[in-house]
Amino acid sequence: MLTPAGRNAFREFLRTEFSEENMLFWMACEELKKEANKNIIEEKARIIYEDYVSILSPKEVSLDSRVREVINRNMVEPSQHIFDDAQLQIYTLMHRDSYPRFMNSALYKDLLQSLSEKSVEA
């Protein structure tokens, strides 16, 4: 999650597991946190909500009802941290569920191989 190459490889793995929306949601939340303009925060929060939180979304992430209710209340006046609890919940889900499988995948092993080849070349 710390490097673009690592995120891309993990995202590719999630795509094979049909759970790429978790990574996309996490990355969208990270981008929202960097925003300072109130109007842009509101627009990005609405897009994130519609794309990942709304029960009508085909890319809906799995959130518990408590977190979903807090988000619904805070959508009236969203801040760049409106999705922090949800983001943590999705990160924890990926960490406990998808990431261990990723670590055993051919995709991860290929990434390690390519990184070790690059470090030998340097």
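I began with the surface: the protein exposes about 7700 Å², of which carbon and sulfur atoms supply 55%; the areas are Shrake-Rupley values with a 1.4 Å probe, and for residues only the protein chains shown count as cover. I note that this is a predicted model, in which local features need pLDDT of at least 70 and side-chain atom pairs count only at pLDDT 80 or more, while totals for chains, interfaces and linings use all residues. Residues are numbered from 1 along each chain as its sequence is written, and side-chain values use heavy atoms, with hydrogens and water left out.

**Fold.** I found 6 helices and 0 strands, counted as DSSP runs (H or I of at least four residues for helices, E of at least two for strands) and numbered from the N terminus. The C-alpha trace spans about 55 × 30 × 20 Å along its principal axes. The unreviewed UniProt entry annotates residues 1–112 as "domain: RGS"; positions from UniProt are in the numbering used here, feature names are shortened, and annotations may be inferred rather than shown by experiment. Over residues 1–112 I read 71% helix and 0% strand, with the end C-alpha atoms 14 Å apart.

**M23.** I located M23 in helix α2 (residues 20–33). M23 counts as buried because its relative accessibility is 0%, where buried means under 20% relative accessible area, exposed over 50% and partly exposed in between (1.4 Å probe, protein chains only). Leaving aside neighbours within four places in sequence, M23 is in contact (heavy atoms within 4.5 Å) with M1, R7, F10, R11, L14 and M94.

**Ring pairs.** I counted 8 aromatic pairs in the structure, taking rings of Phe, Tyr and Trp (its six-membered ring) with centres within 6.5 Å, and calling planes under 30 degrees apart stacked, over 60 edge-to-face and the rest tilted. F10 and F102 form a tilted pair, 5.1 Å centre to centre with 55° between the planes. This pair joins F10 in helix α1 (residues 4–16) to F102 in helix α5 (residues 84–103), 92 residues apart, and both F10 and F102 are buried. W26 and Y91 are also tilted, at 6.5 Å and 35°, and they link helix α2 to helix α5 across 65 residues. W26 is buried at a relative accessible area of 13%, whereas Y91, at 33%, is partly exposed. Finally, I noted that ring pairs link F10, F13, Y99, F102 and Y108 into a cluster.
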